[in-house]
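My notes follow in the order in which I made them.

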Amino acid sequence: MTAIQDATFLICPDSFKESLTASEAAAAIRDGLSHACRAFRFHLVPISDGGEGFVEAMLSGGGRHLEVFVTGPLGSPVSASYGILPDGRTAVIEMAAAAGLGFVPPEARRPLEATTRGVGELMLDALSRGARQLLIGIGGSATTDGGAGMAQALGVRLLDAQGDEIPPGGGGLLKLERIETSGLDPRIRQVSIRVACDVKNPLLGERGAAAVYAPQKGATPEQVALLEQGLARLAEVARRDLGTDPSDVPGAGAAGGLGWGLMAFCGAELVPGFQLVADALGLEKRAAEADWIVTGEGRTDATSLQGKVVGGVLEIVRRTGKPCVVLCGSVGPDSAPLYEAGATAVLSIVQGPASLPEALKDAGRLLEDAAYNLGRLIAASRPEQEEQ
């Protein structure tokens, strides 16, 4: 008979951006822990806060992927996927799959023209397949059009002074004179739409969609000013023609104002992305049943507590009282609040001096090695039992 150390792990990381999906990260952590002790047991629950990996996380409990061609952020067709949950009536859409920054290399970025039309086309496809509930994650956008393209795909007419449709993108909003919703697909008013949103930015102002996020999408200071003017024009015309303007609602500025557009045109509700995913996957119940919780992300610092996966996991840790280790590519100098929030340890997986491209390329092995070392430590600290 051999002495073993027995423990159950809930492994629930976010993606490690530009290197590992949440599922790949969870598998690497499991492999490292299992090599440390073959008696360990695992529950893998890859998580998203509504950005990258949202569909993957929501479908980890079952469902199916669908692939369709839609309008990409710069107008060319792109192949985009979304999910249908096992109930057959709930569609899970990741806006980045249709209008994400990944479709636009830096040298090709045209921030005044980027459109969310493909997001609306994904919504229409889901409705055509009988969806009665839409769950939409809105992180990682290439756009700053206030959801105008999405609305146009759904049948809304955004007209200029001559009665013609305005051009696509946030720049086109400068020409907006009138909004007509008589052509809006009536099914939009018959479905529940919840939007997973992990930011609280308003539509306009110094914390708004253009000022904060457009530079990340290639906008120059002059273009940021034009995008701000376009979004302000959209809000002004919406107040007059729609009788609504949710510009100040936290999250309205998410995804270049797509949060605003989904509320104003579709009556959507913005909800914390992590909580939506965690509730759907029963994360708190799984945490209560585990001995250890392991989460992670690409970079961990105090901002991880602001609506992101690691912060959400630590909230659950406080309620369940279970030990939790955060494995990450890098640890910021202001990580003390993470310990105050309930983390047992916050550990970088990097083993020595390395460039960022090298670390990203080797992230899977580094994460597995870090989990192995963690597993050895945990196994050595647990009471021994006898293997039958």
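I took helices (H or I, at least four residues) and strands (E, at least two) as DSSP runs, numbered from the N terminus. With that settled, I placed Arg-189 in the loop between strand S9 (178–180) and strand S10 (192–197).

Before going further I noted that this is a predicted model, in which local features need pLDDT of at least 70 and side-chain atom pairs count only at pLDDT 80 or more, while totals for chains, interfaces and linings use all residues. Residues are numbered from 1 along each chain as its sequence is written, and side-chain values use heavy atoms, with hydrogens and water left out.

**Arg-189**

I checked accessibility next (buried is under 20% relative accessible area, exposed over 50%, partly exposed in between; 1.4 Å probe, protein chains only). Arg-189 counts as exposed, at 52% relative accessibility. I then listed its contacts, meaning heavy atoms within 4.5 Å. Beyond its neighbours within four places in sequence, Arg-189 touches Leu-184, Phe-265, Cys-266 and Gly-267. I also looked up Ala-26, which is 163 residues from Arg-189 along the chain; their C-alpha atoms are 38 Å apart.

**Cysteines**

How many disulfides are there? I counted a pair of cysteine sulfur atoms within 2.5 Å as a disulfide, and the count came to 0. For Cys-197 the closest cysteine sulfur is that of Cys-266, at 15 Å, which is too far for a bond. Cys-197 counts as buried because its relative accessibility is 10%. For Cys-328 the closest cysteine sulfur is in Cys-324, at 11 Å, again too far for a bond. Cys-328 is buried as well, with a relative accessible area of 0%.

**Whole chain**

I found 14 helices and 15 strands in the protein chain. The radius of gyration is 22 Å, close to the 21 Å that the globule rule gives for 388 residues, so the chain is as compact as a globular protein of that length. That radius is taken over C-alpha atoms, and the rule is 2.2 Å times the number of residues to the power 0.38. Along the principal axes, the C-alpha atoms fill a box of roughly 85 × 45 × 35 Å.

Of the 388 residues, 53% count as buried. Among contacts between residues at least 6 apart in sequence, 73% join residues at least 24 apart.
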